[in-house]
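Visitor: I would like to learn how to read the features of a structure like this one. Please take them one at a time.

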Amino acid sequence: MKLKKSLLVAALGLSTAFASSISVAADIIRIGHGTNESFHLHRALLEFKNEIEKNSDGRYEVQIFPQSQMGPDREMVEATQSGMLQIAVPPSSILASWDPSFDVIELPFIYPSKQAAFNVVNSEVGDKLLQRLDRMNLKGLGYMESGVRHITNNKRPIKTTDDLNDIKIRTMKVPSHLDTFNSVGASATPMNFGEVYSALQQKVIDGQENPTSIIYSQRFYEVQKYMSLTNHVVTFYLPVMNYEFWMMLSPEDQKLITDAFDHAVAFQNKIVKAEDKQQLAEMIEAGLEVNELTPEAMQVLVDQTQPVREKYRSKIGEDLYDEWSAQAKAAL
């Protein structure tokens, strides 16, 4: 009898412990993105993770899957729409596949400066664009920096638009990016990101265009001779959360998410600012020849890409384009 009683007590203890473990189990927030773990985006997302876990009293666990472990950007967005992922962090241009309005973010020379670009995306018109994601079962959390894009190549320094003639440049599979380079005489070549280094090494392409941080982290400078600071496009990542997941959160937990996101953005901006100059200096020391364009040459590039901006004005919607462009000019 005593043995049965002991077994019963033990069983009740195990049952209570099991129930207790269920009650305190953390909700998991899975985040997918395409960059490597040394890149500033991943490090900023680690800050997001730390803030959520620290300030939620163990109610949430954040799991981050870098380097496209959850699939290419489009597949990660689709997984977020379905709820298989809670958050995806794609380039903003990917979202134009669902709504062409998102093309406005990455048009060539639409911003007079990087700071102007940040002023626009963080303004009322930037918020209005994010609200369009609701109909896609996505909640736009805001904008994270990808960077200002520049050209590298193996043929010649790019000092004028004439220098772009017959240069085969890899671009993202973004129609406005293809149109931009074709409009200035280059041969735009869309290619998956993971193929770029070997394509440069094997001279399948002459060059590519990316922010300094990506040129550095992917070591493209090892297989390129020249880098020209063209500042042709300012790019952003656009973190999106499953909308149903967002709506199930309490107002307090929604604030927890947005506060953690704001912290991560501030952290990212700080490290990008500190590292860009250092990375450029290291690439120059490694043998990369870097040149800036004169204001006159830059203006020619701006003028020659005007037809691209006009083409996308009608595609995006004239009202949105005009408001976005006016905000960019006002931010100068």
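Predicted model: local features only at pLDDT ≥ 70, side-chain atom pairs only at ≥ 80, totals over all residues.

Visitor: How many helices and strands does the chain have?

Guide: Helices (H or I, at least four residues) and strands (E, at least two) are DSSP runs, numbered from the N terminus. The chain has 13 helices and 12 strands. Its C-alpha atoms fill a box of roughly 95 × 45 × 30 Å along the principal axes.

Visitor: What share of the residues counts as buried?

Guide: Buried means under 20% relative accessible area, exposed over 50%, and partly exposed in between (1.4 Å probe, protein chains only). Of the 332 residues here, 51% count as buried.

Visitor: What share of the contacts comes from residues 24 or more positions apart?

Guide: Contact means heavy atoms within 4.5 Å. Among contacts in the chain with a separation of 6 or more, residues 24 or more positions apart account for 74%.

Visitor: Which residues of helix H5 are buried, and where do they lie around the axis?

Guide: The arc is that of the directions from the helix axis to the C-beta atoms. In H5 (residues 124–131), the buried residues are Val125, Gly126, Leu129 and Leu130. They lie on the same side of H5 because they cover an arc of only 145° around the axis. Glu124 and Gln131, on the other side of H5, are exposed. The buried residues pack against helix H4 (114–121), strand E4 (138–140) and helix H13 (318–330).

Visitor: Which residues of helix H6 are buried?

Guide: In H6 (residues 175–183) they are Ser176, His177, Thr180 and Phe181. These buried residues fall within an arc of 130° seen down the axis, so they line one face of H6. Their cover includes strand E5 (144–153), strand E6 (168–171), strand E7 (187–190), strand E8 (207–211), strand E10 (234–237) and helix H12 (306–316). Just after H6, Gly185 takes a positive phi of about 95°.

Visitor: Which members of the largest nonpolar core touch the most other members?

Guide: A nonpolar core is a set of buried Ala, Val, Leu, Ile, Met, Phe, Trp, Tyr and Cys residues joined through side-chain atoms within 4.5 Å. The largest has 41 residues, of which Ile31, Phe48 and Ile257 touch the most other members. Helix H10 (residues 251–285) gives the most to this core, with 8 residues. Apart from this core lies another, of 36 residues, among them Ala88, Leu129, Val148 and Ala328.

Visitor: What is Ile257 in contact with, leaving aside its neighbours within four places in sequence?

Guide: With those neighbours left aside, Ile257 is in contact with Ile29, Phe48, Ile52, Leu141, Met241, Trp246 and Leu249.

Visitor: Is Ala264 buried or exposed?

Guide: Ala264, found in helix H10, is buried, with a relative accessible area of 1%. Not counting residues up to four places away in sequence, Ala264 touches Ala44, Glu47 and Phe48. Ala264 and Leu45 are 219 residues apart in sequence, yet 6.4 Å apart in space, C-alpha to C-alpha.

Visitor: Where is Ser92 found?

Guide: Ser92 is in the loop between strand E3 (87–89) and H4. At 0% relative accessibility, Ser92 counts as buried. Residues up to four places away in sequence aside, Ser92 touches Phe102, Ile105, Glu106, Phe236, Tyr237 and Leu238.

Methods: Residues numbered from 1 in each chain as written. Heavy atoms only, no water.
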